[in-house]
Amino acid sequence: MPSLFAKIIAGEVPAQFVFQERLWVAFMDIKPTNPGHVLLVPRAESPFISGLPEETLAALGAYAARLVAAVRQVAAADVNVVLNDGPAAGQVVPHAHFHVIPRSGGAHAPFAGHYAYRDGELERWAVRLRAAWDG
Ligand code: 5GP
């Protein structure tokens, strides 16, 4: 059975994408830790990063660096990149993905609390992040 994120990638569940490339996509997290929280998600479906195809893993660094730069620029903040690799590590959606989270404050607690987007705010973040991604 396809994961929630496979359904989002297939367009069966709506999401606000920052980019959609051949091996990786990124879309807005609907329950962000902080505004501008993005999920970097491989099209290949595996619960654990170790199960992803070599080609997908080889492309990861460039996408992660470019996405972090876009989030840093738009959010004017530092950034945590977090992988919850398995349920005991906090993973809820069993499709490997990285959280890219704007941060301020300096504490080691990237998932402390949730931010509630106001109407249209998530979409406005996505527009700005797409522009920063496109450079
Ligand atoms: P995990 O705990 O698996 O590392 O993270 C899953 C993330 O997916 C959570 O931060 C959660 O807010 C996000 N999420 C859950 N359901 C949806 C959804 O339907 N759409 C989007 N865009 N994000 C979701």
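**View 1. Residue classes in the shell around the ligand.** In this predicted model, the shell around the ligand has 9 nonpolar, 5 polar and 2 charged residues. Here Ala, Val, Leu, Ile, Met, Phe, Trp, Tyr, Cys and Pro count as nonpolar, Asp, Glu, Lys and Arg as charged, and the others, Gly among them, as polar. Among the 16 residues around the ligand, D29, V92, V93, H97 and H99 come nearest; a residue is near if one of its heavy atoms lies within 4 Å of the molecule. Local features need pLDDT of at least 70, and side-chain atom pairs count only at pLDDT 80 or more, while totals for chains, interfaces and linings use all residues. Residues are numbered from 1 along each chain as its sequence is written, and side-chain values use heavy atoms, with hydrogens and water left out.

**View 2. Elements that supply the shell.** α1 and β2 each supply at least two residues of the shell. The largest share, 3 residues, comes from α1. Helices (H or I, at least four residues) and strands (E, at least two) are DSSP runs, numbered from the N terminus.

**View 3. Polar atoms at the ligand.** An N or O atom in the side chain of D29 is 2.5 Å from a ligand oxygen. For the side chain of H97, the corresponding distance to a ligand oxygen is 2.8 Å. At V92, a polar backbone atom lies 2.7 Å from an oxygen atom of the ligand. The protein covers 84% of the 520 Å² of accessible area that the ligand has on its own (Shrake-Rupley method, 1.4 Å probe).

**View 4. The largest pocket.** The ligand sits in the largest pocket, meaning that more than half of its atoms lie within 2 Å of the pocket's grid points. This pocket holds about 610 Å³ of space. F5, D29, I30, K31 and L39 are the closest to its centre, out of 26 lining residues. A pocket is an open set of points on a 1 Å grid over the protein atoms alone, where a 1.4 Å probe fits, with protein on both sides within 12 Å along at least five of seven lines; lining residues have an atom within 4 Å of a point.

How values were computed. Points joined across faces, edges and corners; volume = space filled by probe spheres on them. Polar contact = N/O pair within 3.5 Å; in protein donor to acceptor, adjacent residues only side chain to side chain.
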